Amino acid sequence: MSFLTRTYPFKQSKHWLRDSVLYGIVIWAILYLLQPFGFSAYQGNKCVAAAIFGLVTTGCYAFYGWAVFGRLPQRIKPWRIWHHACVIIGLTLFIAVCNFLTVCIVFDSPFYLQFFLLFLYWTFIIGIFITVVSIIIQYNRFLKDNMEALLNKTTEEQKDICITIHDSSVRGNDLCIPINSLLYVEAQKNNVSVCYMKDGKPTTMELHATLSAVVEELKEYENIFQCHRSFVVNVNNITAAQGNSNGYQLTLGTCTNTIPVSRSYVPRLKAFIA
């Protein structure tokens, strides 16, 4: 219940016409290509029939988006997850009723309550699938937007800041570089390998230090993030991230090495970005 009362985290889409056309195409593709729940038995032009249902879905989504999604979130503050869930259920029910009426009127089919309930059931199944895919897309877009905002902010704020990573050996040389030049630090037995940009190219330098000591030295900088037991990265320089909840692979600047984000650090990385 506490999850349902949380504030809905994603921005409401203002592109209702575009989204409605997209969902209409998805419905057409599902009906025409997969031909589920008896659609394969239809003797007429299946492409045209599927297109009719797609058009009805497009019209329903566009109208509902304008009348409900476009207005309710502006009037109900804060807009919570259970609000959005109820609106999605209402949208699915609206589309189901309109498509069922289309079957009755356009295809001259008699009205049976049992048939309507079956129609409603399959509409909810398809609606749940489309909703889950849509939320995943929104969530990834949300993380990407937050990541870009975070990087732009911290990169600009730290353009004149230099950091020092100390070498603990007797004759060691400390490394002093601009923080935005740092790509990552990798633990290697009793040493660390520091990768940073120098003269426009990735350069590495090995220092006698532990990764935990480096983390402690740089803990005041929020963009220096430990993503693995052996790696610390500068999130300002992340240019690509691929993976899922089991782990990610990060690309930093023009560096050819990919940096792993272990499974245990994925929630921290997402929370850090969000």
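Lysine 189 is placed in the loop between strands β3 and β4 (191-198), where helices (H or I, at least four residues) and strands (E, at least two) are DSSP runs numbered from the N terminus. The model is a predicted one, in which local features need pLDDT of at least 70 and side-chain atom pairs count only at pLDDT 80 or more, while totals for chains, interfaces and linings use all residues. Residues are numbered from 1 along each chain as its sequence is written, and side-chain values use heavy atoms, with hydrogens and water left out.

The phi angle of lysine 189 is near 55°, a positive value in a residue other than glycine. With a relative accessible area of 87%, lysine 189 is exposed; buried means under 20% relative accessible area, exposed over 50%, and partly exposed in between (1.4 Å probe, protein chains only). Aspartate 199, in the loop between β4 and β5 (201-207), likewise has a positive phi, near 55°. Its relative accessible area of 74% places aspartate 199 in the exposed class. A further backbone feature is the cis peptide bond that joins lysine 77 and proline 78, with omega at about -5°. Proline 78 belongs to the loop between α3 (72-75) and α4 (81-106). Most residues other than glycine have a negative phi, and most peptide bonds are trans.

The whole structure contains 10 aromatic pairs; rings of Phe, Tyr and Trp (its six-membered ring) pair if their centres lie within 6.5 Å, and planes under 30 degrees apart count as stacked, over 60 as edge-to-face and the rest as tilted. One of these is the tilted pair of tyrosine 23 and tyrosine 61, with 4.7 Å from centre to centre and 40° between the planes. Because tyrosine 23 lies in helix α1 (residues 16-34) and tyrosine 61 in helix α2 (residues 46-69), the pair ties together parts that are 38 residues apart in sequence. Both tyrosine 23 and tyrosine 61 are buried.

The rings of tyrosine 184 and phenylalanine 231 have centres 6.0 Å apart and planes at 55°, so this pair is also tilted. Tyrosine 184 is in strand β3 (residues 182-188) and phenylalanine 231 in strand β7 (residues 231-234), so parts that are 47 residues apart in sequence are tied together. Tyrosine 184 is buried, at 4% relative accessible area, and phenylalanine 231 is buried at 11%. Elsewhere, ring pairs link Phe63, Tyr64, Trp66, Phe69 and Phe94 into a cluster. Arginine 71 lies over the face of tryptophan 66, at 4.3 Å from the ring centre; a charge sits over a ring if NZ of Lys or CZ of Arg is within 6 Å of the ring centre and within 35 degrees of the ring normal.

The structure holds zero disulfides, a disulfide being a pair of cysteine sulfur atoms within 2.5 Å. Cysteine 195 is in no disulfide, and the nearest cysteine sulfur, that of cysteine 255, is 4.2 Å away. Cysteine 195 is buried, with a relative accessible area of 2%, whereas cysteine 86 counts as partly exposed at 44%.

Tryptophan 122 is found in helix α5 (residues 113-157) and counts as partly exposed at 30% relative accessibility. Proline 267, located in helix α7 (residues 266-273), counts as exposed at 52% relative accessibility. The C-alpha atoms of proline 267 and glycine 247, 20 residues apart along the chain, are separated by 9.8 Å.
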